[in-house]
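Please read it alongside the sequence and the coordinates.

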Amino acid sequence: MALSNRQKRIAEIVRQSGPITGDHIAKQLNVTRAALRSDLAILVMGGIIDARPKVGYFYTGKNTLGMLMEEISAIRVGDIQSMPVAITNDKNAYEAVVTMFLEDVGSVYVVDEKNLLVGVVSRKDLLKAATNNSGDLKDVPVVMVMTPLAKMVMVTSEESVAAAARKVIDNEIDGLPVVRCVDEATRSYEITGRITKTNFTRLLVDIAEGKGGNDHR
């Protein structure tokens, strides 16, 4: 359940000052008691606060962090993912470098002639190739420097952003490809997006500023 900024403020007022009447809450927010009716109803139905006749509203123990976690857990990868940047597997390492810098991304995905994901090449991969290769990167096929599909960590658009963030942290990587399974038996995937540390940071900033979780692309 995503709460509005005013609902979060009401919850904090009740937590700090409860039991407290609706009139006193309205006074602190400089609004009428009637204006808060729907907000109070949502908070009561959500189990965040409760009310007793002749006593007022009181806090049920769910803190602001808990409310934030509920809001984040409701957001899916597909809500905040970015467009993927990809090159075909017949390109060379130099072309991967050019694509990476033109698109200002930290990694480029590699797809085959059927547009299926076969690997990913990162800045680290390209730096290693440049260091280990005395020749021109134009002579190095991108498939020779990429991380192959078998070693990649992926997410789907339906996974929660919390699960995706955990994969990024656990695997010590900067981002993940968002994929759609084409054939599970052959482990064939179509890449539909990417989610990076920048997406996660932007999401947290937007939540802090009271924006929704569906407009981060």
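G47 follows helix α3 and has a positive phi, near 80 degrees. The model is predicted: local features need pLDDT of at least 70 and side-chain atom pairs count only at pLDDT 80 or more, while totals for chains, interfaces and linings use all residues. Residues are numbered from 1 along each chain as its sequence is written, and side-chain values use heavy atoms, with hydrogens and water left out. Helices (H or I, at least four residues) and strands (E, at least two) are DSSP runs, numbered from the N terminus.

Helix α3 spans residues 37-45, and within it D39, L40 and L43 are buried (under 20% relative accessible area, with exposed meaning over 50% and partly exposed in between; 1.4 Å probe, protein chains only). These residues lie on the same side of α3 because they cover an arc of only 95 degrees around the axis, the arc being that of the directions from the helix axis to the C-beta atoms. R37 and M45, on the other side of α3, are exposed. The buried residues of α3 pack against α1, α2, β1 and β2, where contact means heavy atoms within 4.5 Å.

An open sheet of 4 strands has the order β3-β4-β5-β6 and mixed pairing; two strands pair if DSSP finds at least two bridges between them. The edge strands, β3 and β6, each pair on one side only. A86 stands opposite Y109 in β4. Elsewhere, D183 stands opposite S188 in β8. The two strand pairs are set out below.

| Strands | Sense | Bridges |
|---|---|---|
| β3 and β4 (residues 107-111) | parallel | 3 bridges |
| β7 (residues 175-183) and β8 | antiparallel | 8 bridges |

Helix α6 (residues 93-103) lies across β3, β4 and β5, at about 130 degrees to β4. Helix α7 (residues 123-132) lies across β5 and β6, at about 70 degrees to β5. Axes are lines fitted to C-alpha atoms, for helices over the stretch in contact, and angles run from 0 to 180 degrees between N-to-C directions.

The hairpin of β7 and β8 has 4 residues between the strands, and R187 there takes a positive phi near 50 degrees. Strand β8 is largely enclosed by the rest of the structure, because 7 of its 9 residues are buried.
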